Amino acid sequence: MATFRDDRVTDTVVIDFSDPLAPIPWASFADGVAQGNGVVDELSGIAELALNKTLIVWVSGEKVNLSSVTVPSGQQRHLRQILPSLLEDNLASDIDDLHFAIGSISSEGQVNLAVLDRSVLEHDLELLNDAGLKPQTLLPDSLAVPLVNGAWSLQVEGEISYLRTAAQMSYVIDTQNLPVLLPMFKQADSQPLSLYIADNQRDSVSVDYDTEWRGQPVDILSSLPEKSVLAMNLLQGEFKPQSNMKKQWLQWRNVAFLAAAALFIQLTNVGLETWQLNQQAMEYKSEVKAVFKSTFPDEKRLVNPKAQMTQRLAKLQSQQDSTGFLMLLQQMAPALKQSTLVSMTRINFERRLGELRVDIKAQDYAQLEALKNAITKLDLKVELGSVSGSQGAYTARLMIRSQQ
């Protein structure tokens, strides 16, 4: 889980590094109060300013996938180890190439997390370190859009728009696709959508949603990030900033010795089983690779056999690109608009399968079935995944594909 200190009560420098090729805006704060701001052409121009200060860096939200997953409380102590396997089927990239950052965990076991390519994070950190900057916090800029009274917020900035739906949840959308994509998201309440957009774009952007204009796009450096946003720090695990631990070690070494002894006993008990499982996993991977190579001898580059095989099979089953993301959204939109008692909580498109996966929530099971039947009548293939009920609400996943 992410940890952070309250950066509002110290000297802090915040920079906007969402576009490494552009000039770098910065702002400084003391005890949470803005002290100054400016723009530099190169990162090295901020090194002296940030010396001995807490450094917070906003990076591009387009490169970060924010999502959530439910993990039983009994498994949460091994959360960082089990997350990759829980998300593997929903990720096109090899999980070994990805970095996972954990945000808050609800009492129901819902874990907020951020996923991005490890190489992207390593590249950004390399540029910062080469300039003499050692950031304590890296945050996706899509979380900088303010929430007003808990209602959703949409900020339009030229060709890119940011939809923020919760403290640690946001989406990056092409502005030209807003009329199609925005109606697919439904708030749990009827509050209007807070809209931040420049005057010169207000007439060119039209969305089928009850909105309340809040003014111009918010300056990302006008204030320090909220505590909930700071908790989604991308610098976790192996990327966690190093600090001087000598004093803390002297203070806690007896506790550390006891913890190490307990860990040794635990590892001794499970060591043999872990070794056996690792051997089985290695044999399984070898068998999968062998089957893939024999089935598709023309494939020269082998990264993720499971995902690549699924992609190749999908191509063999369909010769027409009729299951595109926007097409499926357009086809199912009438059913979603009619089903006012059903809300959509998450949407994901499996490009290699041509499948749209929509997580929905309703007050009873009949509403879920009604939505499924309504989508089926739109000449779409629909599967209703496992349904779970909790606290008077039912959640399920719809898997939607074209009939062709």
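For the chain, the mean pLDDT is 82, and 87% of the residues reach 70 or more.

Keep in mind that this is a predicted model, in which local features need pLDDT of at least 70, side-chain atom pairs count only at pLDDT 80 or more, and totals for chains, interfaces and linings use all residues. Residues are numbered from 1 along each chain as its sequence is written, and side-chain values use heavy atoms, with hydrogens and water left out.

Now turn to two helices (DSSP runs of H or I, at least four residues, numbered from the N terminus). Helix α8 (residues 325–338) packs with helix α9 (residues 365–376) at an angle of about 145°, the axes lying 9 Å apart; axes are lines fitted to C-alpha atoms over the stretch in contact, and angles run from 0 to 180 degrees between N-to-C directions. Met332, Ala335 and Leu336 of α8 meet Leu371, Ala374 and Ile375 of α9. By class, this contact has six nonpolar, no polar and no charged residues, where Ala, Val, Leu, Ile, Met, Phe, Trp, Tyr, Cys and Pro count as nonpolar, Asp, Glu, Lys and Arg as charged, and the others, Gly among them, as polar.

Finally, which helix gives the largest share of the lining of the largest cavity? That is helix α3 (residues 118–130), with three residues. A cavity is a set of points on a 1 Å grid over the protein atoms alone where a 1.4 Å probe fits but cannot get out, and lining residues have an atom within 4 Å of a point. The lining includes Val59, Lys63, Asp124 and Leu234.

Key
1 Å grid on protein atoms, 1.4 Å probe; cavity = no way out; pocket = protein on both sides within 12 Å on 5 of 7 lines; lining within 4 Å. pLDDT = per-residue confidence, 0-100. Contact = heavy atoms within 4.5 Å.
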